[in-house]
Amino acid sequence: MSTRSLLTAAALLLASLFGVIWYEYRRPEPVALSPTLTGEEEYCVACHADLPEISAAHPVETFGCVICHGGERLALDADLAHSTMRGDRNPSDFSVVQASCGGSECHSGSPEEGRDHIHRVLTSVQTTYAGAIAQIRFTYGAQPDLTARMGVSAVQDDMITTTTGLPSLEAFVPDAESSPSVVAFAENCLNCHLSAEPLPGEPYARLTGCAACHTPAASADLDRPIHRLTTAIPYTQCNTCHNRGNYDLRDMRFHPREDQPGNRLQDYYQPIAQFVRCEWTLDCIDCHTRREAMGDGDLHSSKQEIQYVQCRTCHGTLEELPLTKTITDPEDLAFRMAFLNPVIDLQVGDTVIVTEQGEPLWNTRRLPDGTFELFGKATGQRLTFRPVKGTACQQKIDEQESRYCHACHAVER
Amino acid sequence: MRPSFFHHLHPPTIPAPQARFRYTLGAGGISVYLVLVVIATGILEMFYYVPTPEGAAESVQTIAYLVPYGWLVRNLHYWGAQALIAAVSVHLVRVVMTGGYAPPRRLNYLVGIGLLLLCLFLDFTGYVLRWDQGVRWALVTGTNLITTIPLVGAGLYGFVMGGDQPGPATVVRFYAWHVFGLTLLLVGMGVWHLFRIRRDGGISVAPPVARVDPSRISRSELVRREVFAALIATAVLILLSIAFPAPIAAPIREGEAISGDARAPWFFLWVQQLLRWGDPFFLGVAVPAGLLLLITLLPYLLPGPRPVELGRWFPPSSRAAQIALGVVGAAILALTLLSLLFNNSSP
Amino acid sequence: MGSQRSDPPPVQRRDFLQLALRGLLALSGVLGLAGILRYFSYRPGPAKPTRFELGPSSEYPPGSRTVVPEAGAILIRGPDSFHALSLTCPHLGCTVEPTSSGFSCPCHGSRFGPDGAVLRGPALEPLRALRVEPGEDGQLVLFTD
């Protein structure tokens with residue numbers, strides 16, 4: 001064994017040590033985050049430092065990443081780190097929502113504290129699709145009346161608070177249906193409930209689960225959704241399912257709308273709709289309340305059972321002013337909503353409109369002269385309006401549905 | 001330079017044919033070096049590894065990703081251990097194929113078989129200590145094999161696992177075995193094995209009258225060759241460690257869905273293949289034990305080489321033993337390949 | 001060639017190779033050692049919190065002395081301000097106990113006055129003063145760093 005051979009071997013060893021040093025410096029710098037809720041270090045930001053804060057209510061110093069997303073907090077290798085993530089890129093998908101968003105201090109708490117979001121959305125008509133399923137099955141003779149018996153998944157409700165609430169829904173099983181129309185319905189018409197993947201294409205682009213509404217999609221590229229949770233949901237988000245076209249019972253197909261809208265007015269509703277100015281100036285959530293959009297915790301057979309807001313809710317009638325409430329409690333729900341979406345600087349002592357079911361329209365405020373101001377939840381736009389009482393409105397007291405208001409106040413496209 | 005303590009561990013001179021690479025392949029020597037590598041890297045890992053079900057996999061992730069050069073220590077430990085299994089297997093084949101087990105070396109052959117077993121158990125216990133989804137199935141089935149042993153199965157399982165199912169006691173016991181119990185035995189028997197080599201006259205070679213090449217090499221030359229091999233082996237292990245990280249998977253967590261690779265560690269794939277075919281005790285315990293017994297008793301059952309034929313590969317007089325080992329080796333290899341090709345069940 | 005005894009002999013090739021070999025091995029050894037030292041330098045786990053929210057100042061009337069166990073400190077409200085003292089004995093780190101005349105350490109008998117000054121050893125330094133500042137909405141915040 002010559003010295004030359006040993007020298008070569010030693011040089012090889014030294015070269016491999018330099019390889020070690022090179023590899024060590026190539027690795028991502030382990031940047032740690034210690035969220036106060038868990039007290040454990042997480043290293044997600046070593047690679048994901050440029051991810052924006054998801055919302056003011058979920059600061060990353062408090063929550064970190066793993067408490068919602070799952071994943072391996074110590075791993076700096078992408079495959080291992082992501083291997084135990086919940087729901088891939090969307091931890092709010094209903095298959096994992098309880099683990100990601102649940103907890104009695106978070107979103108599966110008590111109704112009294114207003115923390116029962118998960119229960120409400122899982123029983124909501126937008127998730128169960130119970131109304132559409134019941135309508136079709138009734139129409140084609142698969143069930144004797146319009147009371148819902150089935151939802152997209154089986155669901156139970158142990159606490160019924162309304163007169164139309166149901167105790168449970170079975171899972172809708174297309175293979176067990178005898179009517180070919182109902183089977184066709186199952187094949188062609190189940191793309192618009194909150195656990196369904198949407199139809200392909202930009203107009204329909206949305207995520208599933210909570211993110212379907214609360215994460216506005218920047219583009220149709222759902223492989224790169226924006227990292228955001230918001231309550232300032234614009235009408236375009238609702239329009240990923242609503243106002244996209246019509247179902248035809250004859251051929252049991254969905255017919256997408258074919259107009260090419262040029263402005264907000266044209267884009268908002270389908271060409272056949274009739275509406276007043278606030279219905280296209282405001283966003284859907286400016287009128288449709290939390291209970292309407294997310295459910296009241298009960299299983300319902302149709303959306304008519306849950307929709308209750310009308311023009312009179314804000315405008316009152318010729319005989320009555322709209323219902324209002326002066327806020328005295330700094331812990332009032334209205335303040336929590338205003339904090340989440342600061343379009344209005346609500347103060348204790350302000351008077352806001354409340355609905356017939358007591359839900360505060362926290363983005364409104366009565367002005368000293370008896371009129372009201374409203375701030376668009378998605379646009380922030382300030383609008384003022386008068387109550388009907390004391391005006392020249394020609395309504396009939398017992399005709400309060402919006403179609404009657406449309407008779408005079410409807411806008412032409 | 002004056003010969004050091006390390007030099008004096010070797011005889012002053014040895015016959016040159018004994019030391020030829022083409023004769024021994026250096027397999028035994030490399031095994032000694034690899035044992036040193038895994039002990040050193042294992043000690044380093046002990047400063048960070050946490051032997052509890054909740055902490056184990058996370059501590060492995062800490063070593064792999066967060067500790068400076070932790071990845072290197074871990075990968076060296078892993079590759080060193082796998083290379084050790086390969087090296088001792090090559091050494092076994094070399095010893096049988098060159099007739100190095102013939103008297104007076106039969107006792108040392110038995111010690112060597114013991115060392116082989118210790119290496120396999122060390123590799124298995126180390127594998128389990130990862131406590132992640134990649135080892136879960138191997139842990140469950142490998143240890144359940146113990147329960148199939150008649151009479152003593154249940155008791156033995158309790159002894160090995162510290163309970164009636166894998167749990168916190170299992171981690172601690174496997175850790176104690178891996179780090180201390182088996183290692184102590186390995187070092188003790190290893191020293192005995194090396195001592196016996198010198199007592200039995202060194203690496204087996206033909207008696208002087210029958211030797212073709214009468215030259216000898218000095219202990220300094222021998223040490224130089226060993227240093228050369230060590231340097232090359234270290235460089236290779238380091239390059240392997242850079243290029244191929246040791247396997248790692250998501251931790252085993254209570255109450256979470258079981259996922260993960262249902263494949264045995266590579267050195268037990270042949271047993272896994274056997275287990276696909278029938279009774280677990282017979283195929284998983286009795287057959288492997290029987291093969292091991294056959295190999296152990298080779299020097300006693302089959303004729304060994306005549307002394308003049310020593311010092312080279314495939315001496316004609318011990319052909320039966322060579323064929324026997326060849327058949328066993330080929331069978332294990334074939335079973336391993338079968339397991340890989342036809343039942344590739346990674347999710 | 002004629003060798004002159006007064007000149008140093010030229011470096012032989014084999015000595016140079018020996019030197020180079022030892023140099024490479026030594027360098028590898030140093031790198032390895034440096035790597036091992038860095039290996040041991042890792043500090044796991046998040047640092048202990050140094051910021052504690054104490055609630056509104058109305059909960060601590062003037063003249064009150066309130067132990068904050070999770071911070072290892074005592075909050076003292078004087079006539080017009082708040083201050084805080086660490087309850088960690090500066091001697092060897094035991095937690096001192098409040099007494100009628102100040103603080104006393106159970107481990108080696110150090111005594112401190114009510115403002116943390118050393119009355120009796122073996123401690124040589126007074127109890128460390130800690131910052132108390134108003135946080136958001138008038139809540140008190142204690143800093144232990």
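This briefing walks through how three chains meet and picks out some local features along the way. The model is predicted, so local features need pLDDT of at least 70, side-chain atom pairs count only at pLDDT 80 or more, and totals for chains, interfaces and linings use all residues. Residues are numbered from 1 along each chain as its sequence is written, chains are lettered from A and ligands numbered from 1 in the order in which they are written, and side-chain values use heavy atoms, with hydrogens and water left out.

**Chain B on its own**

- Chain B holds 14 helices and 2 strands; helices (H or I, at least four residues) and strands (E, at least two) are DSSP runs, numbered from the N terminus.
- Along its principal axes, the C-alpha atoms of chain B fill a box of roughly 70 × 50 × 35 Å.

**Where chain A meets chain B**

- The contact (heavy atoms within 4.5 Å) takes 27 residues from chain A and 28 residues from chain B.
- About 2,400 Å² is buried between chain A and chain B, and carbon and sulfur atoms give 70% of it. Buried area is the accessible area (1.4 Å probe) that two parts lose on being put together, summed over both.
- A:M1, A:L74 and A:L80 supply 25% of the area that chain A buries against chain B, more than any other three residues.
- The rule finds 2 salt bridges across the interface of chain A and chain B, where a salt bridge is a side-chain nitrogen of Lys or Arg within 4 Å of a carboxyl oxygen of Asp or Glu.
- One of these salt bridges pairs B:R253 with A:E72, and their closest N and O atoms are 3.0 Å apart.
- There are also 7 residue pairs in polar contact between chain A and chain B, both residues being at pLDDT 80 or more. A polar contact is a pair of N or O atoms within 3.5 Å; within protein, one must be able to donate a hydrogen and the other to accept it, and residues adjacent in sequence count only if both atoms are side-chain atoms.
- On the side of chain A that touches chain B, α1 (3-26) and α5 (78-83) of chain A each supply at least two residues, and α1(A) gives the most, with 14 residues.
- That side of chain A divides into 17 nonpolar, 5 polar and 5 charged residues. Here Ala, Val, Leu, Ile, Met, Phe, Trp, Tyr, Cys and Pro count as nonpolar, Asp, Glu, Lys and Arg as charged, and the others, Gly among them, as polar.

**Where chain C meets chain B**

- Here 9 residues of chain C touch 13 residues of chain B.
- Chain C and chain B bury about 1,000 Å² between them, with 75% coming from carbon and sulfur atoms.
- C:Y39, C:F40 and C:Y42 supply 66% of what chain C buries against chain B, more than any other three residues.
- The rule finds 0 salt bridges between chain C and chain B, but 3 residue pairs are in polar contact (both at pLDDT 80 or more).
- The side of chain C that touches chain B has 5 nonpolar, 2 polar and 2 charged residues.

- In chain A, 3 strands form an open sheet in the order β1-β3-β2, with mixed pairing; two strands pair if DSSP finds at least two bridges between them.
- β1 (150-151) and β2 (155-156) of chain A are the edge strands, each pairing on one side only.
- β2(A) and β3 (residues 168-171) of chain A run antiparallel and are joined by 2 bridges, and A:V155 stands opposite A:L169 in β3(A).
- β1(A) and β3(A) run parallel, also with 2 bridges, and A:G151 has A:A171 as its bridge partner in β3(A).

- Most residues other than glycine have a negative phi, and most peptide bonds are trans.
- B:P103 and B:P104 are joined by a cis peptide bond, with omega about 5 degrees; B:P104 lies in the loop between α6 (70-97) and α7 (106-128) of chain B.
- Another cis peptide bond joins C:G121 and C:P122, with omega about 10 degrees, and C:P122 lies in the loop between β8 (118-120) and β9 (129-134) of chain C.
- A:M252, which is not a glycine, has a positive phi near 50 degrees, and this residue is in the loop between β4 (245-248) and β5 (253-256) of chain A.
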